[in-house]
Amino acid sequence: MADPFEVRMRFTAQLQHLNASATSSQKAAHYALKYREMDEDLHSCILEQLERNSMNNRANIMYFIEHLCDMAQRENHLNFVRMVQKDIFQVVDAVAPSDGAGAANVKVVRRVLQGLQQKSILEPDTVTEIEACLKERDTLPEHTALSPIDANEQRGSNVTQPVLKTNGIMRLDKRQIEQRIEEDRERHKRLKESIWGVGSEDEEFEKLWDEASDIGEDDFLQAEEDAMERRQAVEVD
């Protein structure tokens, strides 16, 4: 049996190094399910890292949670799903806090909540209740937390941690802003690929067939007119 302390440390490291790629989330989810007998301990790691890490990393953990629940459902290990259901309000409060520090994460939370509802992991009433709270947290400009730090604030410090503004809103440094923009771009790219992706030629044919309208009388009239125009063109030549 694996050492619980080592499993916890390795899982924590994976959570801390999550990025926008689906591969990193899937790898961490596979690891959690590999040691499913420690599911409660690993779930506590998720909650701890949501409290301790940067807003960028919290957004990545939010996406990871959806991957974990999806994979746990498919492998019929529902303890992870139940714990997420129980602590979803705590998760949302950490990813998009009410103090405005996570204003840029509100869209992330909404997207993941929608995915969890579509997978029947969260009840519609729960999502509606959370959405009511998010509306209050979405009153700030979309990228309030992504405004660059003043040079005077950063002078004399090499630390890349967020800087707290006087109005109480956490602001990211330049490196974190660039990282967030790049990760958002990668997620948007994957989203477009998933929308347009089809599994096989048969599926593509079925998709096009379903989208095509039925042939009606107007179509036959249009075909007759086209044929008449072609005949007239041939006679003129």
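Predicted model: local features only at pLDDT ≥ 70, side-chain atom pairs only at ≥ 80, totals over all residues.
Axes here are lines fitted to C-alpha atoms, for helices over the stretch in contact, and the angles between them run from 0 to 180 degrees, taken between N-to-C directions. Helix H1 covers residues 4–16, and helix H2 covers residues 22–34. Their axes come within 10 Å and cross at roughly 165 degrees. Angles over 145 degrees count as roughly antiparallel, so H1 and H2 are roughly antiparallel to each other. Their crossing is left-handed. Which residues make the contact? On H1 they are Glu 6, Val 7, Arg 10, Phe 11 and Gln 14. On H2 they are Lys 27, Ala 28, Tyr 31 and Ala 32. An α-helix has 3.6 residues a turn, so residues three or four places apart point the same way.

Move on to the next pair. Helix H3 spans residues 39–52, and helix H4 spans residues 55–74. They pack at an angle of about 160 degrees, with their axes 9 Å apart. That angle makes H3 roughly antiparallel to H4. The crossing of H3 and H4 is left-handed. H3 brings Ile 46, Gln 49, Leu 50, Glu 51 and Arg 52 to the contact. H4 answers with Arg 58, Ile 61, Phe 64, Ile 65 and Leu 68.

Glu 51 leads on to helix H5. This helix runs over residues 79–95 and holds Gln 90. Gln 90 and Glu 51 are 39 residues apart in sequence, yet 9.8 Å apart in space, C-alpha to C-alpha. Leaving aside residues up to four places away in sequence, Gln 90 touches Leu 47 and Glu 51.

Next comes helix H6, residues 106–118. H6 has 13 residues and reaches 18 Å from its first C-alpha to its last, close to the 18 Å expected at 1.5 Å a residue. Its buried residues are Val 106, Val 108, Val 109, Val 112, Leu 113, Gly 115 and Leu 116. After H6 comes Ser 120, whose phi is positive, near 60 degrees.

Last, a word on confidence. The chain averages a pLDDT of 78, and 67% of the residues score at least 70. Over residues 141–169 the pLDDT is below 50. Beyond near neighbours in sequence, that stretch has 48 contacts in the model.

Note on methods: Residues numbered from 1 in each chain as written. Heavy atoms only, no water. Helix = DSSP H or I, 4+ residues; strand = E, 2+ residues; numbered from the N terminus. Expected span 1.5 Å × (residues − 1). Buried < 20%, exposed > 50% of the residue type's maximum accessible area, 1.4 Å probe, protein only. pLDDT = per-residue confidence, 0-100. Contact = heavy atoms within 4.5 Å. Parallel < 35°, antiparallel > 145°, perpendicular 65-115°, else oblique. Left-handed = near helix turned anticlockwise from the far one by under 90°.
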